[in-house]
Amino acid sequence: MDDHTDQTRKPRADAVRNRELVLEAAKVVFNAGGPEASLEAVAKRAGVGIGTLYRHFPTREDLFEAVYRREVEQLSEFAEQLKNAKDPVDALRRWLRSGVEFVATKKGMVAALALAVQSGSELHAFSFDRLTKATGSLLDRAVAAGEMRADISPEDLLRAFFGMCYIHDQPGWQSTALRLLDVFVDGLRVQPVAKPKAHTIKRAKPAAKPKR
C-alpha cells in the first residue's frame, strides 16, 4: 500500500468515526431531553466542532432521522442476538425493556420527527417494518414454546408497548413504563391449567358383628 492510498483512506476512516461519535452523543443528549438537547451540546459531547457535525448532518432533521434509524437498526440487531436465548419469554421481555430507551431518545426529538415519522412516510414504513419483524421473531418463539398465548399479534404488542411508554411524560416515566411492561408480559404468559382435585371416596366401615 503506497502513501497516497493510505492518505486517501484516513479521512474516510476519520469521517466514519466522527459520524459515529456524533450519533452516539446525540442519543445521550436527546435521551436526556430538555432545553439542553441542542446541536451544540451534541457536538461538545462528541468532541467535534459544530462545523464537523453540520458536514455530516446539514440540518437538525437530518441528524434526528439518522439517530432514529440507528436506534431502530440496533433494536433489530438485539432481537437477532436474543433469538437463541434459553428462555423465550425473558428474551422478549429484555427486548421490550431495551425499547424503553429507544422511546426516551425518540421523545427527545419528537417535534422534529413529527413530520418525518408521520404515517405513510418512508421513515415510518422503515421503522414499523423492522420493529414488527423483530417483535414477531421473539413473540413466535415464546408462543411455539407454549409459554405465551397465541392470540396477540406483533402489531398489537407494539401498540400496547408504545401506549405504556407514552402514558405520561413526567420525570420518572421510564420506571413506570418498565413496571407496567413486566405486568403486561406476565399477563400474556400461558397459565398452567390447574388439575382438578381428586375426590376421595370414603369407604363404609364394615358393620360390627353382633355380640353373642
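This is a predicted model: local features need pLDDT of at least 70, side-chain atom pairs count only at pLDDT 80 or more; totals for chains, interfaces and linings use all residues.
Student: Of the contacts between residues at least 6 apart, what share joins residues at least 24 apart?
Tutor: That share is 69%.

Student: And how much of the protein is buried?
Tutor: Buried residues account for 37% of the 212 residues.

Student: What about the surface? How big is it, and what share belongs to carbon and sulfur?
Tutor: The accessible surface is about 13,500 Å². Carbon and sulfur atoms hold 54% of that.

Student: OK, inside now. Which residues touch the most other members of the largest nonpolar core?
Tutor: F30, V42, L63 and W95 do. The core has 54 residues.

Student: Take L63. Which helix is L63 in?
Tutor: L63 sits in α4.

Student: Is L63 buried or exposed, and why?
Tutor: L63 counts as buried because its relative accessible area is 0%, and the cut-off for buried is under 20%.

Student: What does L63 touch, leaving out residues up to four places away?
Tutor: L63 touches V22, L23, A26, F30, L39, V42, L53 and F57.

Student: How far is L63 from L53, C-alpha to C-alpha?
Tutor: Their C-alpha atoms are 8.7 Å apart. Along the chain, L63 and L53 are ten residues apart.

Student: Now V42. Which contacts does V42 make beyond four places in sequence?
Tutor: V42 is in contact with V22, A25, A26, V29, F30, L53 and L63.

Student: How many residues line the largest pocket, and which lie nearest its centre?
Tutor: Twelve residues line the largest pocket. K106, H124, S127, F128 and F162 lie nearest its centre.

Student: Which helices supply at least two residues of that lining?
Tutor: Helices α5 (88-107), α7 (122-144) and α8 (154-165) each do.

Student: Last one. How does the lining split into nonpolar, polar and charged?
Tutor: Seven lining residues are nonpolar, two are polar and three are charged.

Key: Residues are numbered from 1 along each chain as its sequence is written. Side-chain values use heavy atoms; hydrogens and water are left out. On a 1 Å grid over the protein atoms alone, a cavity is a set of points where a 1.4 Å probe fits but cannot get out, and a pocket is an open set with protein on both sides within 12 Å along at least five of seven lines; lining residues have an atom within 4 Å of a point. Helices (H or I, at least four residues) and strands (E, at least two) are DSSP runs, numbered from the N terminus. Ala, Val, Leu, Ile, Met, Phe, Trp, Tyr, Cys and Pro count as nonpolar, Asp, Glu, Lys and Arg as charged, and the others, Gly among them, as polar. Buried means under 20% relative accessible area, exposed over 50%, partly exposed in between (1.4 Å probe, protein chains only). Contact means heavy atoms within 4.5 Å. Accessible areas come from the Shrake-Rupley method with a 1.4 Å probe; for residues, only the protein chains shown count as cover. A nonpolar core is a set of buried Ala, Val, Leu, Ile, Met, Phe, Trp, Tyr and Cys residues joined through side-chain atoms within 4.5 Å.
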